[in-house]
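Hi everyone, thanks for coming. Have a look at it first.

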Amino acid sequence: MQYRMTKLIGKKLITLIMTLFLVSVAAFLAFQIIPGDVVNAILGTEATPEREAKLREELGLNDPPVVRYLHWIGGVLHGDLGRSYRYSKSMNEMLPVAELIGDKLPVTLWLAALAVFFIVVVSIPLGVFWAQGKSHFLDAFLNVLTQSVMAVPSFFLGILVTYLFGMVLKWFQPGGYVSYQKDFAGFLKYLVFPAISVAIPKIAMTARFLRNSMLTEKTSDYVRTAKSKGCTDRQVMYGHVLRNAMMPVVTFLGMIIAEIVAGSIVVEQVFGLPGVGRLLISSISNRDFPVVEILILYITAVVIVVYFLVDLLYRVIDPRIREM
Amino acid sequence: MKEIAAKAMVKIEDLSVHFGETKAVEHVNLTVAPGEILGIVGESGSGKSVTALTLMGLVADSAKMISGRILFEDTVLAESGKPRDKALYRRFQGEQMTMVFQEPMTSLNPTKRVGAQVEEMLLLHTQLTREERYQKVCESFQAVGLKNPEKVYRAYPHQLSGGMRQRAMIAMATILHPKLIVADEPTTALDVTIQNQIIELLRKINQKEKNAMIFITHDLNLARRLCHRIAVMQNGHVVECRGTQEVFADPKEEYTRRLIEAVPSRMKPKIKIQRSNREPVAVVEHLNVYYHDGGGLLSRKSRQQVIRDADFTIYRGEVLGLVGESGCGKSTLSKALLGMNRDIEGEIRHFSTRPQMIFQDPYSSLNPCKTIEWLLTEPLRAAGEIDPAFKMSAADRRAEAHDMLRKVGLDEKYLDRRPSQLSGGQRQRISIGQALITKPGLVIADEPVSALDVTLQAQIMELMRRLQDEMHMAYLFISHDINVVYQMSDRIMVMKDGQIVEQGETEEIFRAPKDPYTQLLLQES
């Protein structure tokens with residue numbers, strides 16, 4: 001078991017590194033192809049040719065693409081993530097990408113953690129409850145409710161949440177934000193409502209998914225066995241059905257989590273949170289290549305790591321997979 | 001009869017259960033006394049399982065109890081017109097009455113350790129401490145003949161063999177010494193040798209604990225060996241309910257007689273065919289077949305030998321039977337013959353074109369989205385792609401399908417139906433039609449009757465023989481049931497652990513089996 005685990009992790013690490021490399025090349029190539037020029041983006045179209053040429057030289061843009069890529073990846077391998085073309089630290093010094101992202105990442109990660117927490121804590125009991133099929137009315141009600149919640153676009157949901165909790169109930173200050181370095185508790189408080197906006201549609205999806213999975217699982221023979229032992233409906237659902245029904249749900253949750261950790265761009269925008277998602281959008285329009293490249297690598301790594309965790313969870317849930 | 005009724009512990013009185021329009025159970029009266037084993041025998045759909053599940057309070061919610069009531073000792077468990085009282089049932093389920101199900105693999109929770117699943121009985125119904133529970137579970141494993149109870153306790157269901165799983169199920173059903181045990185086809189999914197052990201175990205438990213037992217089966221022979229009384233069910237009715245000896249000595253009902261006769265038996269005369277010449281359709285020489293496990297981008301494959309040195313010939317117009325327990329390599333051999341397994345050593349020579357296959361499960365082997373016509377004409381379309389002789393118009397194909405349908409005993413109104421609208425027996429007829437429509441020289445039939453009731457079994461086997469007379473192909477007939485193979489085959493091969501241990505003329509092997517394994521198989525059945 002120990003050996004198998006080490007082997008598995010080793011294998012996944014190799015996959016991770018190979019994927020990151022391929023993605024970094026692809027992102028670099030994409031940047032060569034898309035129209036637009038970083039020098040124009042920085043200086044505007046009115047700049048003199050001399051200034052443009054000087055900046056081009058400074059940024060190393062006159063080197064051939066292969067050299068630039070090698071230069072960049074050499075830096076990354078040595079722990080230097082490069083410097084942003086766009087953001088500067090002082091008049092003459094450009095902001096290191098590591099510093100820039102290090103600033104935004106906690107916002108996105110904490111937002112994701114809160115959202116995932118809400119999703120798991122609400123959707124699983126809701127799905128189990130729903131699958132018990134207590135009454136037709138409740139079934140129909142939950143069906144309509146989840147369907148409509150899923151259909152609402154997240155920016156609109158964000159506006160609704162802001163309106164309801166911010167303007168009417170005044171539980172938080174819309175547009176306000178406290179940085180986590182200053183006041184961590186306050187920071188979390190500001191993240192709760194964005195996290196709810198992120199979570200609500202996903203809760204609806206996950207609950208529906210879990211319910212369907214449990215309804216299928218409920219027809220299994222072992223459920224009849226559990227009933228023949230004298231288990232109550234609740235004991236059958238939580239003690240037997242839930243774990244087996246979680247298999248497809250875990251995959252689905254993995255997809256959702258990867259999506260959220262990669263940045264909930266719309267929600268960050270609506271709530272004015274300085275997260276990774278917003279940074280990605282602005283950096284792409286600014287042609288801020290070093291920042292975009294690192295963000296893409298971050299998202300890739302997140303997706304792969306989350307899927308690896310899903311893989312591990314499979315093994316925990318289903319003993320038959322452990323032996324494969 | 002009166003005596004038993006007086007001391008009866010479970011009484012089912014005038015029970016009728018309907019599912020919508022379907023009348024599953026009609027006015028059934030049954031009783032069981034302590035220490036008695038009652039057999040309920042009938043074909044699938046006869047209402048035997050619904051009766052048992054209703055008694056146990058486990059029948060689906062869509063079932064409606066139209067009439068009657070169920071008594072357990074002096075308690076009325078269920079009565080028509082009243083909704084099912086789940087709380088009342090839970091006082092009896094597990095503690096007073098338990099059930100052993102047909103399929104021990106799916107009836108156990110795949111993600112829970114076997115020990116924990118048995119222990120759940122104690123958690124639900126007793127106040128024992130953790131150690132006491134563990135002790136008791138291990139004792140119960142020992143009592144049902146599971147050696148190494150600690151290991152079984154920690155195992156997951158898939159890590160045990162079918163027989164061990166069923167023993168664990170029985171341990172679960174007996175651990176609280178219930179007054180009633182209902183066993184619903186507990187041996188149907190098991191090999192013959194294991195079947196007998198389980199039957200013996202149930203008999204032993206009944207003798208020791210003196211509990212009432214209801215044994216549900218479609219196999220009259222099994223019921224005969226275990227049960228004191230037998231109730232024969234047909235279309236929801238109990239048509240006959242008497243002592244086992246009496247039922248067999250003098251069956252009152254035509255239906256009972258048919259059931260007794262349909263059981264494949266060595267006592268009955270075989271259908272004989274004359275073999276004109278010894279012209280081979282397939283020759284297999286020194287065949288080794290390997291199987292691969294795993295194998296991804298970065299993992300190493302493991303290669304296992306499944307078939308060892310198989311040597312045999314199938315002749316035109318004969319039926320070659322292949323018998324052995326599940327997992328012995330029967331299906332692997334048939335796949336290799338059809339070229340579906342490429343890692344082989346040795347030689348397979350075919351002297352006929354397009355060998356075809358008939359599969360075991362007519363429910364899952366027919367595409368449910370397609371019409372019968374589409375399914376029957378598909379082999380013709382496929383053959384037309386590679387063989388100009390089969391290039392034909394859609395109208396011709398339809399005509400062929402039409403003919404074939406008649407040959408397998410169905411009429412043309414079925415052409416536009418889909419598999420779900422057909423019964424199991426009808427579906428298997430379609431499978432046979434699919435296999436035969438391109439007039440192959442060799443047909444491999446992999447357990448073609450194992451999923452069917454005895455009476456259907458007899459019909460399908462007769463159909464296969466009749467079609468062979470008309471079309472002169474050879475069958476490789478695979479089954480785990482040696483009696484079925486006896487009925488069908490001219491020659492027999494016996495397989496064990498991937499090796500053909502014996503082959504020869506059917507009569508000869510049955511009269512004087514040479515290999516000890518063949519002798520064992522013949523004794524057990």
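So, to start: does A:Cys231 count as buried or exposed? Keep in mind that this is a predicted model. The relative accessibility of A:Cys231 is 3%, and the cut-off for buried is under 20%, so A:Cys231 counts as buried. Over in chain B, B:Cys328 comes out at 6%, so that cysteine counts as buried too. And how many disulfides are there over all chains? The count is zero.

Okay, on to helix packing. In chain A, take helix H5, residues 97-131, and helix H12, residues 276-285. Their axes come within 8 Å and cross at roughly 135°, so H5(A) and H12(A) are oblique to each other. On the H5(A) side, the contact is made by A:Leu100, A:Ile101, A:Lys104, A:Leu105 and A:Thr108, and H12(A) brings in A:Val276, A:Gly277 and A:Leu279. Sort those residues by type and you get five nonpolar, two polar and one charged.

Now chain B, with helix H16, residues 424-436, and helix H17, residues 454-471. Here the axes are 11 Å apart and the packing angle is about 20°, which means H16(B) is roughly parallel to H17(B). The crossing of these two helices is right-handed. Who makes the contact? From H16(B), the residues include B:Gln428, B:Arg429 and B:Ile432, and from H17(B) they include B:Leu456, B:Ile460 and B:Leu463.

Conventions. Residues are numbered from 1 along each chain as its sequence is written. Chains are lettered from A and ligands numbered from 1 in the order in which they are written. This is a predicted model: local features need pLDDT of at least 70, side-chain atom pairs count only at pLDDT 80 or more; totals for chains, interfaces and linings use all residues. Side-chain values use heavy atoms; hydrogens and water are left out. A disulfide is a pair of cysteine sulfur atoms within 2.5 Å. Buried means under 20% relative accessible area, exposed over 50%, partly exposed in between (1.4 Å probe, protein chains only). Axes are lines fitted to C-alpha atoms, for helices over the stretch in contact, and angles run from 0 to 180 degrees between N-to-C directions. Helices (H or I, at least four residues) and strands (E, at least two) are DSSP runs, numbered from the N terminus. Angles under 35 degrees count as roughly parallel, over 145 as roughly antiparallel, 65 to 115 as roughly perpendicular and the rest as oblique. A crossing is left-handed if the near helix is turned anticlockwise from the far one by less than a right angle, and right-handed if clockwise. Contact means heavy atoms within 4.5 Å. Ala, Val, Leu, Ile, Met, Phe, Trp, Tyr, Cys and Pro count as nonpolar, Asp, Glu, Lys and Arg as charged, and the others, Gly among them, as polar.
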